[in-house]
Structure formats: C-alpha cells, structure tokens
Amino acid sequence: MSQMQTQSQKILVTGATGTVGRQVVAELLARGHVVRALTRDAAAAGLPAGVEVVQGDLTEPDSLAPALEGVTGLHLITFGGAYFAPLETGPRILELARAAGVRRVTVLHGGGPSPLEDAVRADDRVDWTVLMPVEFMANALEWADGIVASDEVREPFVSRLSAMVHEGDIGAVAAVALTEEGHGGREYVITGPELLTVGDKVDAIAAARGRDITLVELTEEQAVAQWRAAGHPEDVIGFLLEAYGDTPEVGRTVVDTVEKVTGRPARTFARWAAEHAGAFKA
C-alpha cells in the first residue's frame with residue numbers, strides 16, 4: 001500500500017454521474033479531498049452536497065479548460081458525447097491537463113482498445129493508472145424487475161463464474177491512485193474477493209431481501225429471444241453470449257488489487273446485496 005497523503009487535493013472527475021464515477025466522487029469526498037465533477041447537464045447531476053459541479057463535454061476538450069484550473073488529479077472515461085462514442089480527444093485533454101498542472105490521471109478501461117486510453121498510456125509526463133474492473137456487482141440490478149414481478153431470475157449459462165467487483169471498490173482504487181504516490185504507469189485489474197455462479201448471486205439477493213427467488217436456466221436461443229425483446233442490439237447480444245458462454249480468464253480470476261491499493265479487503269456480493277435489497281422488494 002502506498003504512503004498516505006493527508007493534505008486535501010482538488011480532483012476533477014469526468015463521467016461523474018455514471019455507476020463508477022459516482023463512487024469515485026464519494027470515495028474522494030470521504031477521504032477529505034475537494035471534488036469537481038464534470039457533466040454535460042449540471043442541473044440533472046444529482047451529486048452529493050459539497051461537490052463542485054461544472055458543465056463540459058469530453059468531445060469538446062477546450063470546454064474542460066476552466067474545470068481543470070487548480071486540479072491535481074483527473075479521472076477519465078473513454079466514451080463521451082450524447083451517443084457514448086469512443087473519444088478521439090485524448091491528446092488535447094492531456095495537453096490541457098498538463099498545462100493546468102495535473103499530476104495524476106486515472107482512466108476507466110472501456111472493455112476494449114480505445115483512442116483515449118492509448119493517448120493516456122503514451123503520456124510519460126503524468127502519472128497515469130488504467131483501472132480494469134471485471135463485471136460490476138451493479139449488473140445484478142438488471143434482475144430487479146423480474147424478481148419484484150415474479151420472484152424469478154431467468155438466465156443462460158448459470159454455472160458461469162464471475163469475480164464480480166463492488167463498484168465502490170473501483171472508486172476506492174481510483175481515489176488512492178489519484179491522490180497518492182506510487183501508482184503511475186500501472187494497470188490495475190480490479191475484482192471482488194470471491195468467485196460466484198449465477199446461483200450464488202441469486203441466493204445472496206434472496207437472503208438480503210428475505211424472500212426466495214427461483215432461478216430459471218434458459219437455453220442460448222431463449223436467452224437471445226429475451227435479450228431481443230428487451231431491445232438489446234445484435235452486437236450487444238453477441239457480446240453477452242461470448243462473455244457469459246465463455247467468460248475470459250480475467251473475469252473469473254480473483255486478484256488482491258483492492259486490498260493492496262486501499263489496505264482493506266474487497267467487498268463481498270452479500271454486502272452489495274444487503275445495500276441494494278430495496279431494489280429487489282415489491
């Protein structure tokens with residue numbers, strides 16, 4: 001674990017209203033840092049009191065210049081704009097960040113190659129850290145409607161294994177990398193503390209909400225039909241079949257990044273389920 005720096009720093013978080021961005025914001029606040037959050041719609045941000053919300057768009061990097069004033073750390077996402085297209089603006093964003101005196105940058109890996117991440121990795125004038133989380137525990141919220149309506153989860157490949165990670169732990173690793181020495185030039189795979197089947201997850205949610213849930217295993221064909229009915233595009237369906245039918249080794253291997261970086265164990269899915277039990281109750 002790196003040396004703690006106790007002085008308050010000002011950090012700019014982009015993607016601050018996303019699943020991970022909100023956790024980066026919360027963790028930085030808890031550690032006593034000043035947080036500036038970038039969003040395309042400041043009025044709708046809904047971020048905690050004390051966060052300085054600023055308007056800007058990563059697809060128009062010069063809009064970031066005022067937001068970068070006085071900032072020492074910058075958290076980036078790899079997609080931007082209204083349609084979440086891969087960002088091509090990395091070199092300009094980094095140029096502005098260096099000019100403003102930013103020393104540390106984290107980038108949330110988007111699941112594949114991206115021009116912005118390539119630009120960050122190529123920059124040897126800032127301490128960059130690439131965050132590579134596996135499946136988010138928050139993905140289980142996709143089951144909430146079915147559980148509330150019929151006490152059922154309908155999924156294919158129910159014996160697949162996942163080292164899924166609590167999104168709060170992604171935020172915690174980011175917060176340390178943005179405010180402490182020793183994380184520059186690192187790529188951090190971030191997982192939870194255990195391997196879980198779909199059944200394990202369903203059991204944990206049932207225990208948290210105090211009511212049984214039936215797990216119905218779908219065939220591949222049934223799953224594709226269900227995903228199409230839910231409006232998923234064909235490329236997303238193809239990705240789901242690949243990710244669930246043959247989970248990459250990185251997604252089903254527990255690593256101790258959270259404990260090494262933050263000094264405390266990764267949070268369990270049982271804890272996540274307890275925190276979100278209300279979402280699974282009628």
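1. In which helix is the place of Arg-92? Arg-92 belongs to helix H2, residues 90-100; helices (H or I, at least four residues) and strands (E, at least two) are DSSP runs, numbered from the N terminus. The model is predicted, so local features need pLDDT of at least 70 and side-chain atom pairs count only at pLDDT 80 or more, while totals for chains, interfaces and linings use all residues. Residues are numbered from 1 along each chain as its sequence is written, and side-chain values use heavy atoms, with hydrogens and water left out.

2. Arg-92 counts as partly exposed because its relative accessibility is 32%; buried means under 20% relative accessible area, exposed over 50%, and partly exposed in between (1.4 Å probe, protein chains only). Its side chain makes a polar contact with the side chain of Glu-95 at 3.2 Å. A polar contact is a pair of N or O atoms within 3.5 Å; within protein, one must be able to donate a hydrogen and the other to accept it, and residues adjacent in sequence count only if both atoms are side-chain atoms.

3. Leaving aside residues up to four places away in sequence, Arg-92 touches Pro-61 and Asp-62, where contact means heavy atoms within 4.5 Å. Ala-119 is 27 residues from Arg-92 in sequence, and their C-alpha atoms are 9.4 Å apart.

4. Arg-36, in strand E2 (residues 34-39), is buried, with a relative accessible area of 7%. A polar atom of the Arg-36 side chain lies 2.8 Å from the backbone oxygen of Glu-69. With residues up to four places away in sequence not counted, the residues that Arg-36 touches include Lys-10, Leu-12, Glu-52, Pro-66 and Val-71.

5. Helix H7 (residues 220-229) has Ala-223, Val-224 and Trp-227 buried. Seen down the axis of H7, the buried residues fall within an arc of 100°, so they line one face of the helix; the arc is that of the directions from the helix axis to the C-beta atoms. These buried residues of H7 pack against helix H8 (234-245). Glu-221 and Ala-229 are exposed, on the face of H7 turned away from its buried side.

6. Leu-161 sits in the loop between strand E9 (152-155) and helix H5 (167-179). With a relative accessibility of 34%, Leu-161 counts as partly exposed. Leu-161, Leu-195 and Val-254 make up a nonpolar surface patch, and together they have about 210 Å² of accessible area.

Definitions and conventions. Patch = residues over 30% accessible without salt bridge, like charges linked within 9 Å, V, L, I, M, F, W, Y side chains within 5 Å. Areas by Shrake-Rupley, 256 points an atom, 1.4 Å probe, with all protein chains shown as cover. Salt bridge = Lys/Arg side-chain N within 4 Å of Asp/Glu carboxyl O.
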